[in-house]
Structure formats: C-alpha cells, structure tokens
Amino acid sequence: MHNPYKPYPVRIDDIQIATEDKSLRTFKFVFLDPEDEERFAYKSGQFAELSIPGQGEIPIGIASSPTEKGFVMFTVFRTGKVTSYLHEMKVGDIMGIRGPLGNWYPWDKLEGKNILIIGGGFAFTTLRSSIKMVLDPPNRKKFGKIDVVYGARTPGMLLYKEELMEWEKRDDINIHITVDSTNDPNWKYHTGFVPTITEKVAPPADNDTYAIICGPPIMIKFTQPVLDKLGYEHDHIIMSLENRMKCGIGMCGRCNIGKELVCKDGPVFTLEQLNKTPREY
Amino acid sequence: MTMNINQSDINKKQIDIINQQYTEKIRESAKKVLLEKKVDVVIGFKNGTEPMTTEPCLINKASDADKLIWNEHCRLNLANYVKGRKDKAAVVAKGCDSRNLVNHIIEHQIKRENLYIIGVPCNGMVDKSLNLKELKVEAESDTMQENLDLFPINRDMLQDNCKTCIKRNPVIFDEMIAEPVKEREWTKEEKLKESFESVNKIEAMAESDRWSFFNDMLSSCTRCYACRNACPLCYCPTCFVDESRPQWVGKGTDLIDVRTYHFLRAFHCAGRCTDCGACEAACPMNIKVRLFTKKLDKECFENFGWEAGMSLDERPPLDVYKVNDNANFIR
Amino acid sequence: MKIIKIDKKIWSDGVEKSRDSYRLIGPVKDREFHQFRELAKGEQPDMNYKNSRLSPKSIAFPQSETMFIYDLDEKAEEHHIMQDAEKDYSPRAVIGIRPYDAKAFKILDLNFNNSDYQDPYWVNAYNCTTFISLAVNSPDKFDFSTSCATGPFDDSAVDVLLVDYNDSYLAKIMTDKGLAWLNAAGFTTKNGEIDGAVTGVSEAGEDIYEIIEKLKADAESKIRSKISFDKIKEKSILDIFNAPFWEDIAFACLNCGTCTYSCPTCWCFDIQDETNGRKGIRQKNWDSCMTPLFTVHATGHNPRHNDWERTRQRFMHKLKYFQDKYNQGIMCVGCGRCVEQCPANIDIRNICNQMNNGE
C-alpha cells in the first residue's frame with residue numbers, strides 16, 4: 001500500500017533570495033531517487049508538503065512548471081517554525097517532499113479559452129507555474145488570449161523578476177506589472193493596486209474568458225467587485241485558497257470550508273463554489 | 001434561613017427548599033439589573049439536560065431570566081466566563097467565584113465597575129463522580145428521581161475542595177441573595193493540618209513513592225485540557241503547551257509531557273488559585289488535579305500567610321517583594 | 001448466518017485459547033473507568049462492563065502513533081530520510097466492543113480509506129482486527145444509538161455479535177473472520193462445524209432467533225433519548241452555518257477536548273515531529289477542532305478565531321458536512337460519551353434537534 005504520509009527524499013539543489021526584504025527564498029529540489037520525480041507528476045496549481053525531519057511539514061504551492069524537468073521549485077515566505085528553519089538550510093541538505101497534493105487550475109476546461117491571471121504578493125508561485133506551462137510551445141496554442149496582472153508592494157518585492165521582464169517582451173502574453181508605490185524614476189510599468197489595474201486592463205467578460213485569482217485576502221476582497229463590475233460570471237472566476245493544513249490528503253480535518261476540504265477538494269475553487277461555503281479561510 | 005450542611009445531614013427535600021429560594025432570588029435580581037439597564041448580560045446557571053447537571057448560561061433579556069437556577073451542582077466557576085468581556089455583566093457568584101473575580105480585577109482582566117456581583121452563600125457542591133454513580137441507573141428506571149428526592153446530602157458527598165472551604169460567602173458582591181451562611185472558624189494549625197491534608201499525605205511519601213503516585217495518577221490524562229479551560233486563571237493568549245516557537249512541551253502521550261503540563265500549570269497558578277475545584281469538576285477522567293495546585297496554595301499560605309482572592313487591596317505574594325518575605329527557599 | 005450458543009462456563013478458556021493465533025483486546029477496568037487495551041496473558045475482557053470512558057477507536061487510531069523514525073546525524077546512513085516505524089499487524093480480536101462502537105469504525109473508514117488515499121496505519125490495523133462484539137442488553141440513559149442508524153444489537157459492523165443470555169452467550173456469526181476466531185477459541189470443531197462435538201457449545205434452535213429479537217426489542221425500548229436529523233439534510237449548509245443560535249449554544253462550552261477525545265467518530269489528527277538528540281520521530285496525534293491551534297495560520301490569522309465558531313464547526317462537521325459529503329447519515333453513533341462527560345453540559349442531542357428544527 002502506498003503510504004501518502006511518506007515524503008520523497010530530496011536534496012536542496014539551489015537557493016535564491018527572491019525579494020529585496022529577504023523574506024522569500026526560492027528553493028530547487030532534486031529527488032534522490034530519479035524515479036520519484038515521475039511519481040511526483042504534477043499539474044500547475046497543485047501544492048506539496050515540504051517535509052523537514054525534526055521540524056515538521058508545510059504546504060507550499062509548486063512554483064515550477066510540469067514542463068520543467070530535473071527539479072521542483074518552491075518559493076517560501078519565512079513565517080512560522082518550519083519555514084524559518086527552511087530559510088536557514090543550505091544547498092546539499094536532505095529533506096522530503098510529499099505530494100503532489102490538491103487539485104489544479106482546470107486546464108482541460110480552459111482549453112480554447114482566454115485566461116486572465118491575477119496575482120498579488122508572494123501568492124504568485126502557482127501562477128508562475130501556470131504561465132510557464134501555458135507558454136511552453138506545445139501548450140501555448142491550446143489557449144486563447146492570456147493576460148496577467150501581477151502586483152507587489154515595491155519593485156523589489158516582485159517574484160521571478162527576470163522572467164517577468166522576459167514575458168513582458170513577448171507578444172503571445174500580455175503582462176501587466178504593477179507596484180503599490182516606487183521611488184524609481186525609471187519604473188516603466190504600472191503603479192497602483194491590483195484591483196485598480198485589473199479594472200483598466202482586464203479583457204471584457206464573455207463566456208470564453210476565465211479569471212484565475214491568487215493573492216492575499218485583501219487583494220481578493222477588492223478584486224472580486226471589479227470582476228463583478230466587468231461582468232465576469234462567478235463560475236468563470238477561479239480562486240486558489242490557503243488554510244492551515246497538516247495531512248494534505250483530506251483526512252486530518254482542519255482545512256475544511258463547509259464540507260469541502262481545501263487540501264483535497266481544493267485549493268482551487270470557482271467563486272460559484274465558494275459562494276455556497278462558509279468563508280472559513 | 002441558613003443551613004449549614006457541613007455540620008448536619010439534610011435530605012434532598014430540605015436542600016430543594018433552599019435551592020428554590022436561591023433560584024427565585026437570583027431570577028429576581030437578574031430581571032431587575034437587566035430592566036434597570038445596570039448590566040448588559042447576566043451570567044448564571046441554567047438546568048442541564050439531565051438531572052443533576054447544570055450549564056453556565058448568558059441571559060440578555062429579563063424575559064429569559066427564569067432560565068436561571070441554583071442548586072448543589074453549580075460546580076463550574078463563572079468567573080471563567082467573564083474574562084475578556086467588554087460589556088457590563090452581572091455574575092452569579094458563590095464564595096470561590098467571587099475570589100476569582102477579585103483575581104480578575106487585580107490582574108486587570110476585568111474592571112470592577114463592569115461587574116455586578118449577585119452573591120450566593122454557598123452550601124457546597126456535590127461531588128460529580130457521585131452523580132455519575134447515581135446516573136448509571138439504567139435508563140428505564142423511573143425510580144431514580146424518587147431516590148434523588150430522598151438523597152441525603154452530607155459532608156462526604158461534597159466535592160473535596162468544598163469540604164475544606166475557607167470562604168463560602170462571596171468576598172465582594174453588589175447584592176446578596178440570602179443571609180450569609182456560617183463560615184468555619186479555622187485556626188492556622190487546623191488549616192495546615194486539615195485543609196492541606198491531601199498535600200501533607202503526599203509530602204510524607206518517600207520520594208520514589210511520590211513519583212509513582214503521580215505517574216499513576218496522571219496515566220489516564222488525555223490532555224484534553226478541560227482542567228485548564230475550566231480554570232478562570234488560565235487566560236494566557238497562548239498557553240505554554242500550545243506554543244510552537246519554541247515548543248516547550250511535546251504533543252504526544254509521553255508521560256514526561258503530561259507531567260510537565262500539570263506541574264507547570266500548577267506553578268503558574270501559585271498564589272492565584274482559590275481552590276474552587278472547577279478543574280476537578282471538569283476532568284472527564286476524574287484525575288485529582290487539585291493536588292498540584294493545592295501544594296502551591298499551601299506554600300503560599302505557609303510562607304506568606306496568603307490566600308488568593310480575599311481582598312482587592314492586597315497584591316499577591318509573587319507580585320510583590322517585602323523585606324520580611326520568607327526567603328528560606330533561596331539556597 | 002448461524003447462531004451458536006456458548007456456555008459461559010467455557011467462555012474464558014476459549015478466549016484464552018484464541019490467544020494462540022490472536023492478540024486480544026478488551027475492556028478492562030483501569031483505575032476508575034473501563035478502557036480498551038491489549039490484554040495481558042491470562043487477563044480476561046470484563047464482559048460485565050457498562051461502557052468504556054474513551055471509545056475503542058484507539059485500537060486502530062491511537063491517540064499518539066509513530067509513523068516514521070529518522071536520524072538527524074549527518075554521518076548516519078540515510079540521515080534525514082523517513083524510515084517506517086515498526087508495526088505489528090498480526091491478527092487480533094477485540095472482544096466485548098459495543099455494536100455501535102464497532103459501527104463507528106465504518107464511519108472512520110470513510111475518512112481514512114477512500115478511493116483517493118488510504119491511511120496505511122488505519123487500514124492495516126482495522127483489517128487485522130476481528131470484532132467480537134457484545135450486544136448491550138441494558139443501554140444507559142445517555143445512549144441514543146437507535147436514532148443514529150445503529151443500536152445496541154446492531155450486527156452490521158461486527159464479525160460476531162454476542163448476546164448475553166442467562167448462562168450463555170448467543171453468538172451470531174456474521175463473517176468468516178468471526179467464524180475463524182470462534183474456531184481458534186475452540187467454540188467449533190476443527191472444520192468450523194457445530195455438531196455437538198464441542199462441549200458447552202450447541203447450535204441454537206429456531207426459538208433462539210426470537211429470543212434475540214425479544215432481547216433486542218427490550219434493549220431498544222429502554223432508549224428514550226432520540227434525535228432527528230432528516231431536516232438538516234434538506235437545509236443548505238449556509239443556512240445552518242449562519243443560524244442565530246450558535247453563540248447561545250456554545251456559551252458554556254469550554255472548548256476543551258473532552259468530547260472529541262471520547263468520541264468514537266471524531267477522526268481529526270495532527271502530525272508532529274519530536275526529537276531526542278539526533279534521533280527523531282514523526283507521529284500522528286489526536287487533535288481537536290475545539291482548540292484555536294487547530295486552524296490558526298502561520299500569519300496569526302485564524303478562520304475560526306472565536307470559541308463559539310469552533311463549537312459550531314464540531315457540530316456542523318458531524319451533523320451536516322458529513323451528511324452532505326457521504327450521504328450516509330451523521331457522523332455520530334449515539335454512544336452518549338460526550339453528553340455524559342462534557343463538563344459544561346454541551347449536549348449533542350439538543351443541538352442536533354435544534355439544527356433540525358430551528359430556524
């Protein structure tokens with residue numbers, strides 16, 4: 001019997017400081033047993049438990065794309081006991097990864113559709129995975145027009161900055177970068193909060209356009225009315241939630257919103273689904 | 001009418017008369033303070049869903065005041081339900097509850113002016129495990145209630161802390177619902193001998209016996225934390241057992257962690273515990289957790305002549321330094 | 001389904017004999033209360049017990065269970081890699097379990113063993129266990145099992161249902177697993193036949209079915225507390241979630257873990273690492289939705305910040321979410337432990353009826 005609690009052993013292959021305040025680091029992990037990489041086959045939008053012996057586990061969205069081979073990547077905000085410890089770990093250290101866990105953005109349903117991706121702060125990780133995946137040449141033609149609104153507090157707090165700049169230059173994706181504020185006189189992108197920019201740049205709502213939102217609660221709270229105003233139907237608004245988790249496989253009981261378990265039935269829900277559940281997240 | 005059930009057995013019918021009188025007075029007071037808008041809510045007891053059970057309740061309109069009751073099963077300490085409240089609350093308080101209200105005021109958990117204390121002279125609470133035995137009567141038995149009516153109440157039936165109660169009447173109150181009951185006059189020697197008898201027994205044990213006594217006693221603890229949660233003193237925003245950075249205590253069933261929890265909690269209650277017995281009343285495994293707090297009570301009494309919650313004007317011994325403090329424990 | 005009659009005189013010898021091929025678990029008085037635990041050699045299950053203080057769920061879902069061990073010493077082989085903790089899943093029998101406590105295992109199984117994931121600790125422990133259940137002739141006053149699609153004589157989740165009848169146990173043999181234990185106990189002949197060859201055991205006559213039905217009806221009629229949850233199913237989650245009664249219901253609740261720990265169907269758990277020097281373990285511990293720690297985010301945000309929200313979660317989970325998710329009744333077998341043990345008289349029977357009938 002497969003033991004879903006048992007992590008795959010991995011080695012830390014690379015650590016990059018991801019933001020100017022050093023509160024986020026991006027880790028690349030390599031599986032000790034190459035076959036585990038195949039067992040870990042995932043889709044954009046899923047998460048995994050990063051498992052540090054002696055410390056515990058934390059659920060983190062997968063930032064790498066299934067189209068990237070040889071490693072899995074996570075960008076981790078330093079906040080609790082386990083993430084603080086992880087931030088002190090070094091390249092070469094051994095730990096574990098358990099997953100992939102949860103559902104993913106509904107890529108099958110999104111085929112042939114326009115996608116508006118809205119992200120804020122360090123919740124951009126699974127969105128990075130998604131963008132990387134849809135921009136992969138065999139995948140790109142499966143989807144319609146792709147718009148991305150991504151905001152952070154300051155330019156230095158933007159994740160994956162180099163990639164953003166690259167994507168920005170492409171014509172098969174519209175990247176709208178914004179920061180809350182900056183004193184950089186050469187800043188050539190947007191300034192302003194995500195909801196405001198979304199209202200300006202979002203494609204018109206129609207049956208063939210879906211919005212994917214992932215960000216802090218405050219951003220979601222103010223973006224939703226904008227999408228309502230733009231006419232997006234609630235079954236066309238897709239959100240990724242976070243809740244405290246332990247098992248990641250729908251058994252330990254803490255992450256539920258109503259009868260849905262965020263770890264297993266989610267973390268991805270449509271707003272239409274969320275409207276029917278208690279907002280306990 | 002006052003009755004001293006510590007001295008003579010009275011039967012259930014007699015205690016029912018007292019309960020009836022107390023209940024009526026409590027309802028009357030509750031209605032009055034609500035109608036006069038002296039308070040926003042009244043915290044008291046209502047009947048439980050089974051005979052011999054009660055449930056703390058919150059009354060916010062005078063028309064609901066008739067839910068309130070009083071009897072010898074009002075074990076929980078209602079001071080526990082007041083902590084953190086921002087509104088004006090009336091509290092039905094027996095002696096020990098009032099001592100914990102004093103604690104709350106001294107420890108700035110609640111303001112005196114936000115409290116209206118409906119004082120209840122207390123005849124003692126019946127031990128809950130005694131109830132449990134009674135309640136084991138099979139469901140079909142109609143004779144249970146009849147048996148209960150004749151059920152004599154004597155000192156043996158009281159919960160342990162009530163047997164050695166030092167303050168049956170409220171220390172502070174805004175009104176009393178009956179004449180005070182007679183307090184026992186204790187000499188210091190009597191207290192040390194009788195009131196702390198359970199502690200003295202353990203102190204007299206050989207060290208290894210004591211160790212195995214505690215281990216055995218705690219072996220059934222599930223760490224449900226009912227004792228902590230029933231305790232008015234336990235209001236730390238994050239209890240040390242729940243802290244994860246650093247994690248002081250393991251979360252499993254290792255007896256080391258179980259002991260650490262009970263010992264440390266008792267120390268944290270030193271000089272604050274009023275021996276109200278809510279912890280033991282709450283424990284689903286009937287563990288005598290008061291033995292730990294009682295030991296600290298004894299230390300405070302012996303070393304500082306201190307009994308918690310007796311006065312609003314005095315700081316607890318662990319709060320203040322006095323030049324004549326007993327210092328023989330510093331070595 | 002066959003019924004045999006086992007003379008009580010040969011009962012304990014049979015139990016002891018079954019030890020040759022089974023580990024035995026049963027109710028024994030431990031200090032004040034009965035608990036289910038592994039029986040030492042020569043130790044008999046107390047067949048006269050009334051109820052165990054904690055439910056027997058710990059047989060397959062212990063309060064604390066080590067899943068993995070590991071070594072943090074970098075010089076050690078396979079350091080920082082989780083190794084399976086040693087387990088014993090050899091056959092065992094739990095004797096004397098109440099029928100509805102056995103039924104609770106079916107409910108837990110929905111959580112721990114589903115088409116997506118299987119918790120191996122639960123599945124292995126459940127599978128290696130034979131349930132030799134004892135019908136409850138005299139339910140206590142907290143028992144409301146008959147309202148919960150089970151009851152004192154429920155044979156749906158057991159391998160053998162024993163019925164205490166005068167000087168005998170009438171044994172309803174529900175499964176082959178049950179028959180195998182009876183064989184091992186010597187209550188049948190070698191090939192599992194009941195032909196009078198075994199002293200003290202006889203195949204029950206026709207009238208025995210009626211006797212059992214009579215005892216069952218008697219027992220069930222003694223249960224007076226009832227709950228209804230039919231209307232809970234029809235109402236929407238949000239309607240009940242937002243009902244005005246929750247703060248009132250939860251006022252007295254201390255948010256301790258008494259109900260969740262004594263409950264045979266509460267399955268929530270925590271995963272914790274513990275280390276001693278350079279050695280460590282990862283364990284699965286019971287957890288409780290009553291504690292704020294259960295849901296607090298690392299940021300400090302807690303979706304169920306208020307005490308009463310946590311109380312609501314417990315009853316919504318058991319009585320509404322579970323119904324909606326599995327369509328198999330409620331997550332409660334009516335054992336009454338939480339009602340009996342709650343320090344503050346939080347009574348699931350009342351709450352259920354209020355959820356069902358309240359506005």
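Here are some notes on charged side chains and their pairings in this predicted model.

1. Ground rules first. The model is predicted, so local features need pLDDT of at least 70 and side-chain atom pairs count only at pLDDT 80 or more, while totals for chains, interfaces and linings use all residues. Residues are numbered from 1 along each chain as its sequence is written, chains are lettered from A and ligands numbered from 1 in the order in which they are written, and side-chain values use heavy atoms, with hydrogens and water left out.

2. The overall tally: 64 salt bridges over all chains. A salt bridge here is a side-chain nitrogen of Lys or Arg within 4 Å of a carboxyl oxygen of Asp or Glu. As background, side chains of opposite charge can pair when their charged atoms come close.

3. One that goes between chains: C:Asp116 and A:Lys264 form a salt bridge, 3.0 Å from N to O. C:Asp116 sits in the loop between α2 (99-112) and α3 (120-127) of chain C, and A:Lys264 in the loop between β14 (260-261) and β15 (268-270) of chain A. (Helices are DSSP runs of H or I, at least four residues; strands are runs of E, at least two; both are numbered from the N terminus.) C:Asp116 is partly exposed at 49% relative accessibility, and A:Lys264 is partly exposed at 22%. For the cut-offs, buried is under 20% relative accessible area, exposed is over 50%, and partly exposed is in between, with a 1.4 Å probe and protein chains only.

4. Now chain B. The closest N and O atoms of B:Asp275 and B:Arg290 are 2.5 Å apart, in another salt bridge. B:Asp275 lies in the loop between α10 (255-268) and α11 (278-282), B:Arg290 in helix α12 (residues 290-304), and the two are 15 residues apart. B:Asp275 is buried at 10%, and B:Arg290 is buried at 7%.

5. In chain C, have a look at C:Asp101 and C:Arg337, whose side chains meet in a salt bridge at 2.7 Å, N to O. This pair links helix α2 to helix α11 (residues 337-341) across 236 residues of sequence separation. Both C:Asp101 and C:Arg337 are buried.

6. Over in chain A, salt bridges with shared partners tie A:Asp33, A:Glu35, A:Asp36 and A:Arg39 into one network.

7. Finally, C:Arg282 is in strand β12 (residues 279-286) of chain C. C:Arg282 is buried, with a relative accessible area of 1%. Its side chain makes a polar contact with the side chain of C:Asp273 at 2.7 Å. A polar contact is a pair of N or O atoms within 3.5 Å; within protein, one must be able to donate a hydrogen and the other to accept it, and residues adjacent in sequence count only if both atoms are side-chain atoms.
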